[in-house]
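Hi,

Here is the structure I promised to pass on. Have a look first, and then read my notes below.

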Amino acid sequence: MDWGFILERSFSAMIGPEVVVYALAAVGLNVHFGYTGLMNFGQVGFMAAGAYGVGVSVYWLGWNFWVGILFSFVYAAILALLLGIPTLRLRADYLSLVTIAASETIRLLARSRVMQPYTGGVEGVNQFAGPFYDLSPFELGKFYSIGPFKYLGRDVWMLIVGWTLLILITLMVRQLMRSPWGRTLRAIREDEDATRALGKNAYYYKMQALMLGGIIGGVAGTLQVIQKASVQADTFNPVITFTIWTILIIGGPGRVWSPIVGSSIYWTLIVFIENTLRQLPPGVRTTLEDTVQLSDFNIAMLRFILVGLGLLLLARYRPQGIFGSREEMALDRR
Amino acid sequence: MSQLTLEGLKLGLYLAMAAIGLSLIFGTTGLVNFAHAELITWGTLMAYFFNIYGLVGTFGFLSVLPAPFGGGVNFIFATLLATIAGGVLGYVLNRVVFRTARNSGVSLLAQMVMTIGLSILLRYVFVYFFGSRYRVYKDYASQRANTFWGMELTTRDAIAMVISVVILVGVGVGLTRTRTGRAMRAVSDNRDLAESSGINVEKVISQVWIFGGALAALSGTFFGFDTVKWDIGTRILLLVFAAVTLGGLGTAFGALVGALIVGVVINWSTLIIDTELKNMTALLVLILALLLRPQGILGKKQRIG
């Protein structure tokens with residue numbers, strides 16, 4: 001077993017591109033769920049809206065890349081509006097039903113034959129992210145080693161932009177949540193009726209929160225497809241939404257830095273486990289394959305089994321997260 | 001058109017069996033059970049395993065045993081076993097996971113997140129052991145359709161539809177006439193009132209999970225006629241949600257009505273849109289239902305809060 005390789009991968013995963021993307025999506029979800037108490041089970045739908053927003057604008061409409069990015073946020077906001085109108089006046093679980101249904105529908109629509117001319121169907125959209133990488137001061141194909149971390153030049157560029165965005169957006173959310181507007185959101189989370197009795201229009205506040213979180217989710221989706229340089233419908237599987245939920249609950253919902261902490265912990269853990277299993281000595285590996293069917297495919301599936309188990313146990317025993325406090329906990333009431 | 005209606009009724013009948021459990025679990029505990037899709041898949045997979053491997057053949061070293069034990073049992077018997085397995089899984093999930101959660105005061109929203117976790121856990125455990133390949137049952141896998149009055153239906157589907165109707169009628173009679181069924185509806189209607197009139201609520205919830213799990217598993221065996229897949233339940237979960245919301249969350253008869261409407265509407269919609277996109281109609285139905293009548297066709301207004 002090559003422990004050096006495993007550790008290098010795990011360290012690199014600690015602040016890698018996936019961490020940024022998932023943390024951003026979790027920041028959006030934190031605005032929804034952590035601060036406002038909205039049960040959004042379709043965050044991946046907002047990511048898809050952002051991703052296809054830029055992909056389709058460039059690929060099909062032939063627009064400028066940067067205009068496409070701008071429009072990806074518009075699409076995410078429109079999606080939030082469409083999902084919010086029928087559900088936000090109703091009880092919390094209706095939003096979860098509609099968002100999970102909508103996110104899966106978006107995926108099915110994007111990969112369908114009918115939409116192929118626009119979204120590229122199953123093959124998706126490629127070659128649209130050029131302008132982003134043209135700005136890179138690093139050599140795209142070269143490996144850069146910084147301390148224990150090692151990344152390709154294109155990823156270094158991605159990481160610098162990504163982390164800057166992530167920290168700026170996190171700080172923005174922190175300031176917003178300290179403003180009267182943010183306090184109203186938290187009041188709605190604690191007791192919607194009381195907030196309404198004080199003359200606040202809870203429906204509009206919830207709608208604004210849904211749109212803000214959705215747009216942040218859209219940014220995450222855009223960043224993800226720029227990093228991968230392709231938009232694939234099947235990467236926007238509903239299980240991604242719940243990976244984001246797991247990440248948010250690990251860090252503790254309703255806390256400013258929890259998405260980043262949670263995402264970093266999640267990815268380090270997953271990359272460590274997967275690489276360790278892949279690097280097992282051949283004898284051990286064969287035994288495991290014969291007894292518990294540990295094939296390469298199943299190692300990839302293990303991640304989702306862990307997400308499921310983690311979400312189940314966290315929601316049951318530590319809904320406030322590993323570092324969270326029960327005071328900032330939307331799952332605890334009602 | 002008549003063919004589409006027939007297909008729609010078929011889908012609606014299967015959906016209804018899956019939806020009743022979901023609706024009753026919501027009614028009795030207030031919990032939207034996102035893991036219901038996995039109860040459906042469980043039925044499909046169990047029927048497949050009993051059909052191919054027999055009673056104990058799933059454990060490799062026993063597969064050499066003669067027919068009913070090692071070599072696979074007849075599909076009809078396998079369906080029965082799968083239904084029982086569904087009831088068992090429903091009971092176990094409630095007993096091990098959700099009853100303990102309720103007793104230690106875990107909030108409903110946290111329980112909802114738990115069902116999601118459970119759903120993902122089960123789904124990927126299924127794919128871990130079953131693989132992502134598509135498979136088919138050994139018996140009745142492909143049949144030629146019979147033609148009557150210009151409509152086509154295989155004998156297999158016809159029998160499954162008749163069984164569904166019989167079971168759904170049975171469920172209806174059971175819910176209105178038997179003591180257990182009335183207790184289920186009473187708890188769904190008003191939990192506190194039911195409890196104070198001497199109904200053992202936990203017992204009723206347990207029965208609802210068994211009953212819902214068994215029905216979902218049975219519908220799963222029927223859904224698996226064309227192909228057996230590890231995520232077959234997840235693929236139709238959207239339809240089940242649309243059905244229960246349209247009919248009214250928490251009402252068993254609403255789920256039945258909603259499922260039939262969703263099944264037929266989805267198949268009619270293929271007249272206008274591509275067949276590949278027909279399940280999208282369910283989302284449309286869901287959203288329209290929430291906009292126009294959020295309590296559902298048979299629901300009561302106070303539920304939507």
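Two residues count as in contact if their C-beta atoms, placed from the backbone, lie within 7 Å. On that basis, the contact between the chains takes 40 residues from chain A and 36 residues from chain B. On the chain B side, α5 (108-130), α10 (232-247) and α12 (280-292) each supply at least two residues; helices here are DSSP runs of H or I with at least four residues, strands are runs of E with at least two, and both are numbered from the N terminus. The largest share, 16 residues, comes from α5(B).

Before I go on: this is a predicted model, where local features need pLDDT of at least 70 and side-chain atom pairs count only at pLDDT 80 or more, while totals for chains, interfaces and linings use all residues. Residues are numbered from 1 along each chain as its sequence is written, and chains are lettered from A and ligands numbered from 1 in the order in which they are written.

Now chain A by itself. It has 15 helices and four strands, and its C-alpha atoms fill a box of roughly 65 × 50 × 40 Å along the principal axes. Buried residues (20 or more other C-beta atoms within 10 Å of their own, again placed from the backbone) make up 50% of its 334 residues.

Why is A:Ala129 counted as buried? Because A:Ala129 has 24 C-beta neighbours inside 10 Å. Leaving out residues up to four places away in sequence, A:Ala129 touches A:Ile226 and A:Ala229.

Cheers

Technical notes
Buried ≥ 20, exposed ≤ 12 C-beta atoms within 10 Å, placed from the backbone.
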